[in-house]
Amino acid sequence: MALLEEPIKEVRTLKNYIDGEWVESKGEVIDVVNPATYKTIARVPISTGEEMDAAVEAAKAAFPDWRRTTPVARARYLFRLKELLEENFEEVSRIQTQEHGKTIDESRGETRRGIENVEVACGIPTLMQGYYSEDIAHGIDEWVIPTPLGVFGIIGPFNFPFMIPLWSAPYAVATGNCVVVKPSSEVPNSQTRLAELVEEAGFPPGVWNMVHGGRSVVSSMLEHPDIVGITFVGSTPTGRDVIYKKCGETGKRVIAQCGAKNFMTIMPDCDVDRTVAAMMTSFFGNAGQRCLSAANAVIVGDDDTFYKNFVEKVIVQIKSIKIGYGLDESVQMGPVRDKEKKDRIIRYIESGIEQGAKLILDGRKDFSIAGDYPGVCFLGPTVFENVTPDMRIGSEEIFGPVMSIMRVKDLDEAISITNANAFGNGNSIFTSSGKSAREYQYNVTSGNVGINIGIVAPMAFFPFSGMKDSFYGVLHTQGREAVRFFTESKVVIQRWF
Amino acid sequence: MILHTASEGVTFAKKLENDSAEFYEKLAQRSTGNAETLLSFAKENRKYVTQVESAYYGVITDAIEGCFAFNIDPDDYVLKTTVDDGADYTGALKQAVEIEETIIRFYTDAAEQSKSLMADVPRAFMLIARKRAGRLEKLGSLLEG
């Protein structure tokens, strides 16, 4: 199968988008490498604190007029952005594959999910309505007005370079706020293209800004007195110990969506073929680099024959996964994002062996790459049996294509070990029993719960939830909760004499 | 080589449409009385490409999250789209019938395989298959005429 054309054809140094202008950064510049070809595709600046300050200043200056722009008019900018995203759907998707490594189907899925958030935010004239009570006392009425707050910082992760900032930004601007987006410096091209389309859609200068960079830029955001809130998606140590803590200290609103260790409970009454099929995308989609990827396969019951047959089917399916460059349409799993991440995953595989798990498929060597690509960032799927929750591979987030198989005696034990884990992001059960499903859904401490669904990704009109170490904050991104996060409730009580 | 990914399946559908459109364009050049009908087939093919793309892009998230996979062997749907210089016009029309039958079979199989997706994709496939059945009738009357 021939490769789809790469959209990024020349290496350029990316610029920041501040106050409606493309501005060169004075910061040092680092290479952005395509993980499949290992070729440099762009150079991204690590912007300075002053550049972040300039973006916040621009956003702050734009806020009063943008707030006064009617919700209907603000929605029209978003409608135009949606049109432009549809027109450029394929290019935007291919950029994601080129800079991240995911397959083209996965990238198109990411693009679609991003656009869906813009679509939901287009409904802001209705979503943002307040409510009213007449005669709360004699001749007195009371109502609430959701009002925008000012400037928000949006910090994106590397694993969904296009979509994740769109869980927040469309709602923030739709409600009348202004934003400064900081994309991951590992995958900055997707947000750069998005900012170009924002510009083309005609948003007023300063409403939507983008500043490239790393930790120093994040620190500037967190310290900045004019940023009223932050949304963050990334690791738990950063989300909890840096973002959430600092926002608490500086009085900012915060949504910190963090790490995960997702358990997939497999009941003996499940539809085996469909469960195995779901496991392929859940464990190995996006090369396991998503906070909703299943990590532990918890097989319930003491039926050895069921267990043996099930695992055999899983292994047969895994071995058929085609690995390569995601712009080859036939490829089903791409590389991981970079060598450091691959090395980290390998260290986890080694720890699994050291702690006594049985390695039945070794992703370090048991795979081949379709096409002539350097193996720097490629890994095959890895499968361990006899994993226990106290092992590092059974309890910590690996963020790679590693399946840890556990056995438990019954559903109670499956729920118990799931709940004992520090994370609570996207756990699921596969069963044909409504009773088991209901019991699982009721008792599991997980922000997102799947019943015969492997990747529990909420649609744009539902909140992207999370519990325990997977989430810090109160309200979530997406849909109505995002609208609440980006607005303050102003309550008016009125009497006329 | 079996086609598994949604992207591969859709690309293959587009290839069938484009290849058969080119066939009709060539055939139209050799036809005296039916060029308009044959060119309208080619035009319809381009429309079908858009319909398939729209259905695919509209439900791509479902294709990803729902662990969807085709199982299509392209060798089962090979089209003979070259028109031999020496071939008579009736023979070329019979060739067109074979092309249509093959494409109908492809869409019917693809619709069956994509039933687990949201309705858009199988519906788009079946709609095109049904419209093509009408085209078979037209080709039949051209052969009789």
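Helices (H or I, at least four residues) and strands (E, at least two) are DSSP runs, numbered from the N terminus. With that in hand, let's work through some exercises on this predicted model.

**Exercise 1.** Find which element gives the largest share of the lining of the second largest pocket.

*Solution.* Start with the space itself: the second largest pocket holds about 1,100 Å³. Next, look at its lining of 40 residues, where A:Phe158, A:Glu186, A:Gly234, A:Ser235 and A:Thr238 are the closest to the centre. Then list the elements of chain A that give two or more residues to this lining: α8 (215-223), β11 (227-233), α9 (236-250) and α12 (339-354). Finally, pick out the largest share: α9(A) supplies it, with six residues.

**Exercise 2.** Work out how the lining of the second largest pocket divides into nonpolar, polar and charged residues.

**Exercise 3.** Decide whether the radius of gyration of chain B agrees with that of a compact globule.

*Solution.* First, the elements: chain B has four helices and zero strands, in the order α-α-α-α from the N terminus on. Now take the chain length of 145 residues, for which a compact globule would have a radius of gyration near 15 Å; chain B has 16 Å, so the two agree. Along the principal axes, the C-alpha atoms of chain B fill a box of roughly 50 × 25 × 20 Å.

**Exercise 4.** State what share of chain B is buried.

*Solution.* Buried means under 20% relative accessible area. By that cut-off, buried residues are 49% of the 145 in chain B.

How values were computed. Residues numbered from 1 in each chain as written. Chains lettered and ligands numbered in written order. Predicted model: local features only at pLDDT ≥ 70, side-chain atom pairs only at ≥ 80, totals over all residues. Heavy atoms only, no water. 1 Å grid on protein atoms, 1.4 Å probe; cavity = no way out; pocket = protein on both sides within 12 Å on 5 of 7 lines; lining within 4 Å. Points joined across faces, edges and corners; volume = space filled by probe spheres on them. Nonpolar A, V, L, I, M, F, W, Y, C, P; charged D, E, K, R; others polar. Rg over C-alpha atoms; globule rule 2.2 N^0.38 Å. Buried < 20%, exposed > 50% of the residue type's maximum accessible area, 1.4 Å probe, protein only.
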